[in-house]
Amino acid sequence: MELTLSTPALLFSAITLLMLAYTNRFLAMASLIRGLHKEYKESSMDEEVIIGQIKNLKRRLTMIKNMQTYGVISFFLCVICMFLLYQDFDTAANWVFMASMLCLLISLGISLVEIQISNNALNIELSDIEDLLNIKTRTSFGQSIRKNDKD
(Lines give C-alpha, C1' and ligand atoms only; values in the text may rest on other atoms or scores of the structure.)
Protein backbone atom coordinates (compact mmCIF):
# COMPACT_ATOMS: atom_id res chain seq x y z
CA MET A 1 0.00 0.00 0.00
CA GLU A 2 1.27 3.41 -0.93
CA LEU A 3 0.96 6.12 1.69
CA THR A 4 -0.06 9.44 0.16
CA LEU A 5 -0.28 12.89 1.69
CA SER A 6 -4.06 12.61 1.91
CA THR A 7 -3.98 9.44 4.07
CA PRO A 8 -2.71 11.05 7.31
CA ALA A 9 -4.79 14.12 6.46
CA LEU A 10 -7.91 11.95 6.74
CA LEU A 11 -7.12 11.42 10.41
CA PHE A 12 -7.14 15.16 11.13
CA SER A 13 -10.90 15.44 11.33
CA ALA A 14 -11.27 12.17 13.26
CA ILE A 15 -8.63 13.08 15.81
CA THR A 16 -10.01 16.61 16.17
CA LEU A 17 -13.50 15.29 16.91
CA LEU A 18 -12.06 12.75 19.30
CA MET A 19 -10.16 15.47 21.17
CA LEU A 20 -13.36 17.51 21.39
CA ALA A 21 -15.17 14.52 22.91
CA TYR A 22 -12.31 14.02 25.39
CA THR A 23 -12.42 17.69 26.36
CA ASN A 24 -16.17 17.45 26.94
CA ARG A 25 -15.61 14.41 29.19
CA PHE A 26 -12.98 16.39 31.11
CA LEU A 27 -15.34 19.35 31.56
CA ALA A 28 -18.12 17.03 32.75
CA MET A 29 -15.68 15.48 35.22
CA ALA A 30 -14.64 18.91 36.49
CA SER A 31 -18.30 19.75 37.04
CA LEU A 32 -18.82 16.50 38.96
CA ILE A 33 -15.83 17.21 41.19
CA ARG A 34 -16.96 20.78 41.90
CA GLY A 35 -20.47 19.50 42.69
CA LEU A 36 -19.08 16.83 45.03
CA HIS A 37 -16.93 19.43 46.77
CA LYS A 38 -19.88 21.76 47.24
CA GLU A 39 -22.13 18.94 48.46
CA TYR A 40 -19.49 17.80 50.94
CA LYS A 41 -19.07 21.30 52.36
CA GLU A 42 -22.84 21.81 52.71
CA SER A 43 -23.89 18.45 54.10
CA SER A 44 -22.65 15.62 56.21
CA MET A 45 -22.07 12.94 53.60
CA ASP A 46 -20.78 9.52 54.53
CA GLU A 47 -16.98 9.74 54.41
CA GLU A 48 -16.58 6.23 52.98
CA VAL A 49 -18.83 7.14 50.06
CA ILE A 50 -16.88 10.35 49.45
CA ILE A 51 -13.53 8.54 49.61
CA GLY A 52 -14.80 5.96 47.10
CA GLN A 53 -16.04 8.69 44.78
CA ILE A 54 -12.75 10.58 45.06
CA LYS A 55 -10.75 7.46 44.15
CA ASN A 56 -13.04 6.80 41.19
CA LEU A 57 -12.84 10.40 39.98
CA LYS A 58 -9.04 10.51 40.34
CA ARG A 59 -8.71 7.31 38.34
CA ARG A 60 -11.00 8.65 35.63
CA LEU A 61 -9.14 12.00 35.52
CA THR A 62 -5.87 10.16 35.01
CA MET A 63 -7.44 8.11 32.24
CA ILE A 64 -8.84 11.21 30.51
CA LYS A 65 -5.41 12.86 30.74
CA ASN A 66 -3.84 9.79 29.14
CA MET A 67 -6.55 9.65 26.45
CA GLN A 68 -5.87 13.28 25.58
CA THR A 69 -2.10 12.77 25.67
CA TYR A 70 -2.18 9.84 23.26
CA GLY A 71 -4.67 11.68 21.04
CA VAL A 72 -2.37 14.71 20.84
CA ILE A 73 0.66 12.51 20.14
CA SER A 74 -1.30 10.80 17.37
CA PHE A 75 -2.22 14.16 15.87
CA PHE A 76 1.37 15.37 16.17
CA LEU A 77 2.69 12.23 14.47
CA CYS A 78 0.19 12.70 11.63
CA VAL A 79 1.63 16.16 11.01
CA ILE A 80 5.17 14.78 11.07
CA CYS A 81 4.10 12.01 8.68
CA MET A 82 2.71 14.56 6.24
CA PHE A 83 5.95 16.53 6.46
CA LEU A 84 7.99 13.38 5.78
CA LEU A 85 5.78 12.50 2.81
CA TYR A 86 6.19 16.02 1.48
CA GLN A 87 9.98 15.61 1.73
CA ASP A 88 9.78 12.17 -0.02
CA PHE A 89 10.92 10.18 3.02
CA ASP A 90 8.37 7.44 2.37
CA THR A 91 9.78 4.72 4.64
CA ALA A 92 10.07 7.05 7.63
CA ALA A 93 6.58 8.41 6.90
CA ASN A 94 5.17 4.86 6.94
CA TRP A 95 6.71 4.18 10.35
CA VAL A 96 5.54 7.50 11.79
CA PHE A 97 2.03 6.91 10.43
CA MET A 98 1.99 3.46 12.02
CA ALA A 99 3.07 5.00 15.34
CA SER A 100 0.30 7.59 14.97
CA MET A 101 -2.29 4.87 14.44
CA LEU A 102 -0.95 2.95 17.45
CA CYS A 103 -1.26 6.05 19.66
CA LEU A 104 -4.80 6.57 18.40
CA LEU A 105 -5.62 2.94 19.18
CA ILE A 106 -4.23 3.28 22.72
CA SER A 107 -6.24 6.47 23.22
CA LEU A 108 -9.43 4.74 22.08
CA GLY A 109 -8.73 1.74 24.31
CA ILE A 110 -8.29 3.95 27.37
CA SER A 111 -11.47 5.78 26.40
CA LEU A 112 -13.40 2.51 26.30
CA VAL A 113 -12.22 1.54 29.79
CA GLU A 114 -13.03 5.03 31.14
CA ILE A 115 -16.53 4.84 29.68
CA GLN A 116 -17.08 1.49 31.42
CA ILE A 117 -15.88 2.91 34.75
CA SER A 118 -18.17 5.91 34.28
CA ASN A 119 -21.07 3.63 33.46
CA ASN A 120 -20.45 1.52 36.59
CA ALA A 121 -20.35 4.67 38.74
CA LEU A 122 -23.69 5.79 37.31
CA ASN A 123 -25.20 2.36 37.93
CA ILE A 124 -24.09 2.55 41.57
CA GLU A 125 -25.74 5.97 41.88
CA LEU A 126 -28.94 4.64 40.30
CA SER A 127 -29.04 1.60 42.58
CA ASP A 128 -28.56 3.89 45.59
CA ILE A 129 -31.50 6.04 44.47
CA GLU A 130 -33.51 2.89 43.79
CA ASP A 131 -32.78 1.59 47.31
CA LEU A 132 -33.84 4.91 48.82
CA LEU A 133 -37.06 4.86 46.80
CA ASN A 134 -37.79 1.29 47.87
CA ILE A 135 -37.30 2.22 51.53
CA LYS A 136 -39.49 5.29 51.10
CA THR A 137 -42.18 3.25 49.33
CA ARG A 138 -42.13 0.55 52.02
CA THR A 139 -42.29 3.22 54.74
CA SER A 140 -45.22 4.97 53.05
CA PHE A 141 -46.96 1.66 52.45
CA GLY A 142 -46.41 0.64 56.10
CA GLN A 143 -47.85 3.93 57.35
CA SER A 144 -50.96 3.54 55.21
CA ILE A 145 -51.44 -0.03 56.51
CA ARG A 146 -51.16 1.19 60.11
CA LYS A 147 -53.72 3.93 59.41
CA ASN A 148 -56.12 1.36 57.97
CA ASP A 149 -55.57 -0.93 61.00
CA LYS A 150 -56.62 1.91 63.35
CA ASP A 151 -59.89 2.43 61.44
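**Helices and a negative patch in a predicted model**

The chain has 3 helices and 0 strands. This is a predicted model, in which local features need pLDDT of at least 70, side-chain atom pairs count only at pLDDT 80 or more, and totals for chains, interfaces and linings use all residues. Residues are numbered from 1 along each chain as its sequence is written, and side-chain values use heavy atoms, without hydrogens and water.

Biologist: What pattern does the chain follow along the sequence?

Modeller: Helices (H or I, at least four residues) and strands (E, at least two) are DSSP runs, numbered from the N terminus. Read in that direction, the pattern is α-α-α.

Biologist: What percentage of the 151 residues count as buried?

Modeller: Buried means under 20% relative accessible area, exposed over 50%, and partly exposed in between (1.4 Å probe, protein chains only). Of the 151 residues, the buried share is 26%.

Biologist: Among contacts between residues at least 6 apart in sequence, what percentage join residues at least 24 apart?

Modeller: A contact means heavy atoms within 4.5 Å. For residues at least 24 apart, the share of these contacts is 82%.

Biologist: Which helix supplies the largest share of the negative patch?

Modeller: The patch is formed by Glu39, Glu42, Glu125, Asp128, Glu130 and Asp131. α1 (6-42) and α3 (90-150) each supply at least two of its residues. The largest share, 4 residues, comes from α3.

Biologist: Where is Glu125 placed, by helix?

Modeller: Glu125 is one of the residues forming the negative patch. Glu125 is partly exposed, with a relative accessible area of 36%. Its place is in helix α3.

Notes. Patches are made of residues with over 30% relative accessible area and no salt bridge: like charges are joined within 9 Å, nonpolar side chains (Val, Leu, Ile, Met, Phe, Trp, Tyr) within 5 Å. Accessible areas come from the Shrake-Rupley method with a 1.4 Å probe; for residues, only the protein chains shown count as cover. A salt bridge is a side-chain nitrogen of Lys or Arg within 4 Å of a carboxyl oxygen of Asp or Glu. Lys and Arg count as positive and Asp and Glu as negative; His and the chain ends are not counted. The place of a charge is taken as NZ of Lys, CZ of Arg, CG of Asp or CD of Glu.
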